[in-house]
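Here's a quick briefing on surface patches and charge pairs. Have the structure open as you read.

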Amino acid sequence: MQKKNNNKPGSGKKPRSSGRKNFNNNRQQFTPSFKKTPDIHEIEYSDGITVGQLAKKCGRNSSDIIKVLFMQGKAVTINSELDDDLVETVCLEYDIEPKKVKPKDEDSLEDDVADDPSQLVERPPIVTIMGHVDHGKTTLLDTIRRTKVAAGEAGGITQAIGAYQVSIKGRKISFLDTPGHEAFTAMRARGASVTDIAVIVVAADDGVMPQTREAVDHAKAANVPMIVAVNKMDRPDANPDRVMNEMSELGIMPEEWGGDTIFVPISAKKGTGVEDLLETIVTVADVKELKANPNRLATGTVIEAKLDKGRGPVATLLIQNGTLKQGDPVVVGTCFGKVRKMTDEDGRELKKAGPARPCEIIGLNDVPEAGDVFKAFDSEKEARAVADRRNRRKIEASRRKTAAVSLEDLSKEIEAGEIQEIPIIIKADVQGSAEAVKSSLEKLDVKGVKINVIHSTAGAINDNDIMLANASKAMIIGFNVRPDANIRKKAEENGVSIRLHNIIYKATEEMENAMKGMLAPVYTEVIVGEAEIRETYKVSRIGTIGGCMVTSGKLIAHCGIRLIRDGIVVYEGKLGSLRRFKDDVKEVSQGYECGITIENYNDIKIGDRLEAFQEQEVRQEV
């Protein structure tokens with residue numbers, strides 16, 4: 001019987017042999033293809049690159065990158081952010097050259113717009129007065145402004161940045177008065193970053209001091225010209241040559257010695273030489289040809305910020321370009337708002353403020369950070385959108401901050417569980433002071449105890465602070481703030497400690513003492529006496545009693561005891577009972593006989609020596 005042929009023309013089916021042949025001819029398409037690693041020799045990356053993103057740039061699998069880092073002792077996941085060192089470690093493994101680039105930020109507030117030269121006009125110089133604490137910086141500004149700012153400062157020490165504009169013979173100069181105290185290094189750095197000219201005040205009777213050197217370093221880093229004001233020339237022990245000599249050692253060479261730095265002798269207290277200093281500032285400003293465009297939206301920097309109970313967030317701005325007007329929508333850091341009111345340093349209302357003008361504004365939705373950049377916008381809607389995006393990125397960055405953890409770090413964190421810590425909430429009158437207090441407290445180094453600042457901001461102590469302190473068992477430190485009666489009562493009810501200060505070193509001193517008090521006591525052993533066993537008595541239900549003579553010091557009831565036989569410690573324990581005749585006694589001094597027992601030990605022999613000791617607490621120092 002003939003087989004039915006199912007492969008007739010028009011049947012719609014292909015002959016089997018044809019299909020098999022097709023499969024053989026095209027089997028390559030069914031065989032998995034192994035992708036060859038691309039030949040990559042250089043990559044570009046920016047801050048915040050994740051393991052997954054780096055793997056893609058290097059043409060590798062994320063698991064390969066994770067394996068490389070794990071072999072280096074780093075535990076990461078595909079979403080972990082990598083720092084520069086980790087990126088270089090991975091690239092070195094694959095012989096790739098990494099190049100770091102700055103990502104373009106569409107919401108940047110930096111002034112990157114090129115101005116039309118025809119629009120530029122001369123602007124006042126921004127002058128920062130810097131120097132060591134108590135060398136006369138605020139007194140000098142006092143003399144220039146003819147006011148009494150210094151008298152109002154706690155302890156005569158400037159506690160925040162002040163910004164002022166003064167007119168000298170028809171010429172305007174904007175001054176920044178930065179604190180000279182060591183704790184305000186960060187604030188002083190911010191002052192130098194926005195300045196055109198730095199005036200370094202050095203007391204003629206004191207010479208160059210630590211903060212003088214810091215001020216010089218900040219001015220050099222900001223690449224601004226310096227003028228040295230040699231102050232306190234009215235003092236009998238004033239020695240300007242010493243100041244010149246010490247400043248020349250820092251690379252600041254006086255003009256008189258062939259250098260390019262002008263030294264001006266002054267007495268801020270009496271006002272002598274101040275006119276010469278101002279003329280020098282104007283001359284240096286003329287050489288720099290400082291210009292700005294007033295016919296554009298304003299940009300600049302936050303000098304200081306605070307939360308005022310009546311007015312809300314208040315920011316002191318220094319306008320560096322453009323003109324800020326009342327009603328302008330602004331973005332300040334991650335905050336936004338409309339300029340509802342603008343005032344100068346004397347509280348006079350301003351309708352507009354041009355380049356190099358310091359002013360105080362209200363109308364923001366939150367307190368910005370000192371040092372934040374600000375920018376004015378055409379519409380409030382645009383300002384709000386930019387601020388929201390910047391705020392969102394800031395929150396995301398803080399969440400991802402600790403993504404990559406080394407295995408060593410993990411073990412350290414486990415060990416750190418034994419470390420005692422003092423949780424602290426800091427509230428200050430202005431943001432700069434809050435930063436300074438936080439920095440000073442975190443520098444305290446007492447072994448076994450650490451400060452943990454869980455919250456630090458400007459503003460009055462409020463209900464939320466009390467609740468946070470209660471939940472985290474924290475102490476609140478208030479700097480130049482005073483809680484009202486209700487807050488005090490609430491703190492007392494919740495057992496929250498509030499410590500109030502207006503001078504930083506007193507806050508740090510108090511906290512240092514608290515940290516020492518929290519330390520687990522450290523004990524050292526003290527030998528209090530020795531005795532020799534002369535007789536032994538065995539008593540049922542008591543054990544072996546040693547009759548002994550105290551040969552030095554004294555034996556004290558229940559003290560530590562070592563039994564020494566032929567110079568070797570046979571047993572170490574605790575003295576059980578101590579008796580003279582039939583009475584229990586607290587101690588037996590040298591030259592007296594006594595009877596003793598040793599807790600949980602009876603192998604006492606004639607000739608054994610006893611060494612009595614106690615552990616005494618030793619106070620720990622930083």
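**A nonpolar surface patch**

Y537, V539 and I542 come together as a nonpolar patch on the surface, with about 280 Å² of accessible area between them. Keep in mind that this is a predicted model.

- Y537 sits in strand 25, which covers residues 522-539.
- Y537 has a relative accessible area of 45%, so it counts as partly exposed, the class between the 20% and 50% cut-offs.

**Salt bridges**

Side chains of opposite charge can pair when their charged atoms come close. There are 23 salt bridges in the structure, and here are some to look at.

- R348 and D344 pair through their side chains at 3.1 Å, N to O. R348 is exposed, at 51% relative accessible area, whereas D344 is buried, at 6%.
- E572 and R562 form a salt bridge at 2.9 Å, N to O. That pair links distant parts of the chain, with E572 in strand 28 (residues 568-580) and R562 in strand 27 (residues 560-565), ten residues apart. E572 is partly exposed at 47% relative accessibility, while R562 is buried at 10%.
- R579 and D584 meet in a salt bridge too, at 3.0 Å, N to O. R579 is partly exposed, at 39% relative accessibility, and D584 is exposed, at 56% relative accessible area.

- Which residues do salt bridges with shared partners join into one network? They are E525, R562, E572 and E611.

Note on methods: Residues numbered from 1 in each chain as written. Predicted model: local features only at pLDDT ≥ 70, side-chain atom pairs only at ≥ 80, totals over all residues. Heavy atoms only, no water. Patch = residues over 30% accessible without salt bridge, like charges linked within 9 Å, V, L, I, M, F, W, Y side chains within 5 Å. Areas by Shrake-Rupley, 256 points an atom, 1.4 Å probe, with all protein chains shown as cover. Salt bridge = Lys/Arg side-chain N within 4 Å of Asp/Glu carboxyl O. Helix = DSSP H or I, 4+ residues; strand = E, 2+ residues; numbered from the N terminus. Buried < 20%, exposed > 50% of the residue type's maximum accessible area, 1.4 Å probe, protein only.
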